[in-house]
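Colleague: I would like to learn how to read a few local features of a model. Could we take them one at a time, with the general idea before the case?

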Amino acid sequence: MTGPYAFDDKKQWLAFDDATSLKIKTKYALLRNLAGVALSSIDADDVDNFCGNGAFSLLRSILASLSHLD
């Protein structure tokens with residue numbers, strides 16, 4: 001429910017994750033005492049900093065959520 005999405009005038013819909021939605025999902029896993037988180041496609045991360053959030057911004061957001069439990 002908190003993940004970003006996009007759609008066009010042809011009624012095509014696409015859901016994806018960004019750094020914020022991954023932080024929320026990681027914190028949810030921690031709060032519910034789940035065994036961990038899983039990634040289905042690591043190749044979708046921004047390796048070359050094309051988006052301007054730094055290289056591997058998605059992985060870094062997961063790591064930050066797991067490392068800083070505040």
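Colleague: Let me begin with position: where is V47 found?

Modeller: Please keep in mind throughout that this is a predicted model. V47 is found in the loop between α1 and α2, where α1 covers 19-31 and α2 covers 57-67.

Colleague: And how should I read its accessibility: is V47 buried, partly exposed or exposed?

Modeller: Residues count as buried under 20% relative accessible area and as exposed over 50%, with partly exposed in between. V47 has a relative accessible area of 43%, so it is partly exposed.

Colleague: Which residues is V47 in contact with, leaving aside its neighbours within four places in sequence?

Modeller: With those neighbours left aside, V47 is in contact with A55 and F56.

Colleague: Which residues make the nonpolar surface patch of about 420 Å²?

Modeller: That patch is made by V47 together with L39, I42, F56 and L59.

Colleague: Turning to the helix, which residues of α2 are buried, and how do they lie about its axis?

Modeller: The buried residues of α2 are S57, S61, I62 and S65. When one looks down the axis of α2, these buried residues fall within an arc of 145°, and therefore they line one face of the helix. What covers them includes α1.

Colleague: How is a pair of aromatic rings described, and how many aromatic pairs does the structure hold?

Modeller: A pair of aromatic rings is described by the distance of the centres and the angle of the planes. The structure holds two aromatic pairs. One of them is formed by Y5 and F7, whose ring centres are 6.2 Å apart and whose planes make an angle of 15°, and this pair is stacked. Y5 and F7 also form one aromatic cluster with W13, and F7 counts as exposed because its relative accessibility is 60%.

Colleague: Finally, which residue forms a salt bridge with K25?

Modeller: A salt bridge calls for a side-chain nitrogen of Lys or Arg within 4 Å of a carboxyl oxygen of Asp or Glu. The structure holds one salt bridge, in which K25 is joined to D17, with the closest N and O atoms 2.9 Å apart. K25 is partly exposed, with a relative accessible area of 43%, and D17, at 32% relative accessibility, also counts as partly exposed.

Notes: Residues are numbered from 1 along each chain as its sequence is written. This is a predicted model: local features need pLDDT of at least 70, side-chain atom pairs count only at pLDDT 80 or more; totals for chains, interfaces and linings use all residues. Side-chain values use heavy atoms; hydrogens and water are left out. Helices (H or I, at least four residues) and strands (E, at least two) are DSSP runs, numbered from the N terminus. Contact means heavy atoms within 4.5 Å. Rings of Phe, Tyr and Trp (its six-membered ring) pair if their centres lie within 6.5 Å; planes under 30 degrees apart count as stacked, over 60 as edge-to-face and the rest as tilted. Buried means under 20% relative accessible area, exposed over 50%, partly exposed in between (1.4 Å probe, protein chains only). Patches are made of residues with over 30% relative accessible area and no salt bridge: like charges are joined within 9 Å, nonpolar side chains (Val, Leu, Ile, Met, Phe, Trp, Tyr) within 5 Å. Accessible areas come from the Shrake-Rupley method with a 1.4 Å probe; for residues, only the protein chains shown count as cover. The arc is that of the directions from the helix axis to the C-beta atoms.
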